[in-house]
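I opened this structure and kept notes as I went. The entries follow in the order in which I looked things up.

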Amino acid sequence: MPESTSESLPPQPEDTIFFGKRMGMWGWIANILGLTILMGGASLFLWVMSSLPRVEGRIPARGLEYAASITRNDAGVPFITARSGHDAYFAIGWIHAQDRLWQMETQRRVGAGRLAEIVGEAGLKSDRFMRTLGLYRLAENSFTTLDEATQNALLAYAEGVNAWINDNSHRLPPEFMVLGLRPEPWKPADSLVWGRMMALRLTSDWRDEAVRGKLATKLSAKHVAELWPDTEDGLSTLAAAPPLQAVLAALPAEAIPHDASNVAVLSGKRSASGAPLLANDPHLPFQMPGLWYLASVEAPGLRLTGAMVPGIPFHLIGHNGRIAWGTTTTHADTVDLYVEQVAADGGYMVGKTSRPFVERDETILVKNRPAEVLKVRESRHGPIVSDLAAGQKDNQVVALKSTALEPDDRTAQALYRLGRTVDWRSFVAALADFHAPVQNFAFADTAGTIGFITAGRVPLRSGKADGATPIAGWTGTGEWTGWVPFAKMPQAINPKSGLLVNANNQVVGGKYPYRLTKSWHEGFRARRLLDLLEGRDALTVDDLRVVQMDSRSLAAEEFKELLEAPEGLSTSAAKAAAMIQSWDGDMDQDRPEPLIFHLWLDKMWQNVVADELGDDFAALRKVRLRALGDMLAGNRHWCDDISTETAESCEDMVNRSLEAALAELSARFPDKSLEQLRWGDVHQARFAHPVMGRIPLARRLSDSQFPTDGDDYTINRGTFAPGQFTHVHGAGLRVVFDLDNLDRSQFSMAGGQSGNPLSRHYDDLMPAWLENRGLSLVKPAEGAAAIALEPGY
């Protein structure tokens, strides 16, 4: 029989020749699938990468009046040159959309109560709260109260945003692809609602007001006052615990107050150049992308350089070539909670008569589930926020009244006019329309003037009510009767000292005729600023940059004296106590003392307060340093643990807390001695992306974390999560303005200009921010990459 070979036979149906090799049908299918996946992956990669912005070329833009140019420097900061005011704001909207459209989308959805549409049930808590307040409806209606110039700027900005959206539907940021979302057209109300949200977030007292009112049902007035030593006894409604608990439970993260900042302005007699210097660093929660965006714009009658928030067409911190300004939060009390008595007929009591609630239905769309209809009630004082907790059937409910809910807010008009001021007088005049939130403005002009003014609406209240505790809404006491006159708001021009500082500390003395708030922040940061700046002259921009990074805590220096531990400690605890006593209070990330000190404080606060507060301790989880100091120094009854039969002393609590702190450190860092511990092991600034940070692979691109100096009381603010010590709040922006030559002003910003994690400008400014190495915003020379925006028809 002749020998046969398979090669002599033609391929059988189940065989295929592939690149010179025969393979079975399943191998052929596998290769085709592999190629399909490879090609699909390549297409996906190209699609995702196409979301990166174009930085040069000619681009038509429908709605533009004349040609405009956008030149970027090496950090991605845009320099806009336009031939009309309309085109300047149009180009700002266009570039904001190109770099930060997802951030803008998120901000407007939060303000409008429309998060659940894209994230599902997780967004409902925020949506219910925002719909109850009606912030977006108020923003829409307030547009008509603005002057024509401000309206035109907002409209031009919206046109620019929409021009970019319409021409780039195929290259949207990756978050839109992940969520399967297409952006709706931008409207002026999308810009205006952000200011109302900030008016709530930058007023810290009202959450404490709810907590005080609830605690008044379980603690004596004396005990409540000792938890807030800076607040005197006020009118409280003792029967208000259930509805006030409902208010606290309903607060979404977006409404929890966050507030802090530093500013220092020096006259020319204190500077090396003979011209003023102004340093400012606003403190807000960390996020990615960062809140701030740097930009410069020039047009006829307009020149602005500084920091903006994408979605807002106006510079919030900056200079216009003639005057520079920065801000801090005043902590004015601009929110009140009114406890309304529900009448038998379902209305609410006003004196001895019943008045019907104003009611409306809000339909909230929810991804992957049926829409929810929210029934909202309003009293004469405002929306009933206690209705947000399910099952509330109390005979009392809580209404929220806030300057953020005033229908005629003209803050946007003030911001528009600030950019066009020519001297300090016109600057102050522009702020008359700044309504909410209440802010401190420090300013300096090229003529040598420096100044400080508090701007915003602060309510005048009837009777003896002071806004520190919930008010009985049926009594007529505590009604808002007007505002502190703008001409009477705190201000100073050219002080003899040549120095003005503020770090959210008290801005007025005891003789001031109006009450701005009863709860001022501690003055530790302001005192440290004065320590570093008073008595010095010939100061430079670099000197102020160093001051901004100072990490010495005067609070720690003072408080450690109260933690001098008595005898009876273990060897390691005695050693730790000695380390704290010899420490200078520097919250350096490479030192062990800050970690030992803050964990000791944290354990002390729990041991001293938690037994009395019970379930309410969570609402006061953060150490209240002034209250704790008073407890150890005088109000020592707090030190007794009421859950035990033994009467504990404060010395017992000091020892117990230190031993507990060291036990926790030993368990967490078993291989480290006390000397080897580092504050930076736990105190790390965390920057997380709200969408990409939830995707494991994408998280490596979008999120970052860095060891940092500081604590809540240092100039270099290092506010941390209680008990965890993760750095969550601080100076995401630092600026120093040089009025001798504003081009020498320095800007340092966490993150980068782009909101796209694939962009090299997403986080390229982070290394410089960590060291406060400033960036000068000077327009690049001719020949740099530039976009030529041209009218499109």
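**Entry: L304.** I looked up L304 and found it buried, with a relative accessible area of 6%. Buried is under 20% relative accessible area, exposed is over 50% and partly exposed is in between, computed with a 1.4 Å probe on protein chains only. L304 lies in strand β9, residues 302–308. Helices here are DSSP runs of H or I with at least four residues, strands are DSSP runs of E with at least two, and both are numbered from the N terminus. Neighbours within four places in sequence aside, I noted contacts of L304 with A295, S296, V297, H315, H319, N320, W325 and G419. Contact means heavy atoms within 4.5 Å. I also looked up the pair L304 and A253: they are 51 residues apart in sequence and 33 Å apart in space, C-alpha to C-alpha.

**Entry: ground rules.** I am reading a predicted model, in which local features need pLDDT of at least 70 and side-chain atom pairs count only at pLDDT 80 or more, while totals for chains, interfaces and linings use all residues. Residues are numbered from 1 along each chain as its sequence is written, and side-chain values use heavy atoms, with hydrogens and water left out.

Entry: I found E362 in strand β15, residues 358–366. E362 counts as buried because its relative accessibility is 15%. Its side chain makes a polar contact of 3.3 Å with the side chain of R131. A polar contact is a pair of N or O atoms within 3.5 Å; within protein, one must be able to donate a hydrogen and the other to accept it, and residues adjacent in sequence count only if both atoms are side-chain atoms. Not counting residues up to four places away in sequence, E362 touches R131, E372, V373, L374 and V376.

T329 is in strand β11, residues 323–329. At 2% relative accessibility, T329 is buried too. I noted a polar contact of 3.2 Å between the side chains of T329 and Q439.

Among the buried residues of α9 I listed D205, W206, D208, E209 and R212.

**Entry: helix pairs.** Two packed helices are described by the angle between their axes and the distance between the axes. The axes of α18 (593–613) and α20 (650–668) come within 8 Å and cross at roughly 125°. Axes are lines fitted to C-alpha atoms, for helices over the stretch in contact, and angles run from 0 to 180 degrees between N-to-C directions. The pair α18 and α20 is therefore oblique. Angles under 35 degrees count as roughly parallel, over 145 as roughly antiparallel, 65 to 115 as roughly perpendicular and the rest as oblique. The contact of α18 with α20 has 12 nonpolar, two polar and three charged residues. Ala, Val, Leu, Ile, Met, Phe, Trp, Tyr, Cys and Pro count as nonpolar, Asp, Glu, Lys and Arg as charged, and the others, Gly among them, as polar.

Helix α17 (571–581) packs on α18 at about 110°, with the axes 10 Å apart. That makes α17 roughly perpendicular to α18. On the α17 side I noted A576, A577, M579 and I580, which meet E593, I596, F597 and W600 in α18.

**Entry: backbone.** Most residues other than glycine have a negative phi, and most peptide bonds are trans. I looked for departures. The peptide bond from M288 to P289 is cis, with omega near -5°, and P289 is in the loop between β7 (277–285) and β8 (293–299). A436 and P437 are also joined by a cis peptide bond, with omega about 0°; P437 is in the loop between α13 and β19.

H331 has a positive phi, near 70°, in the loop between β11 and β12 (335–341). H331 is buried, at 1% relative accessibility. N504 has a positive phi of about 70° and lies in the loop between β25 (499–502) and α14 (524–533). N504 is buried at 0% relative accessibility.
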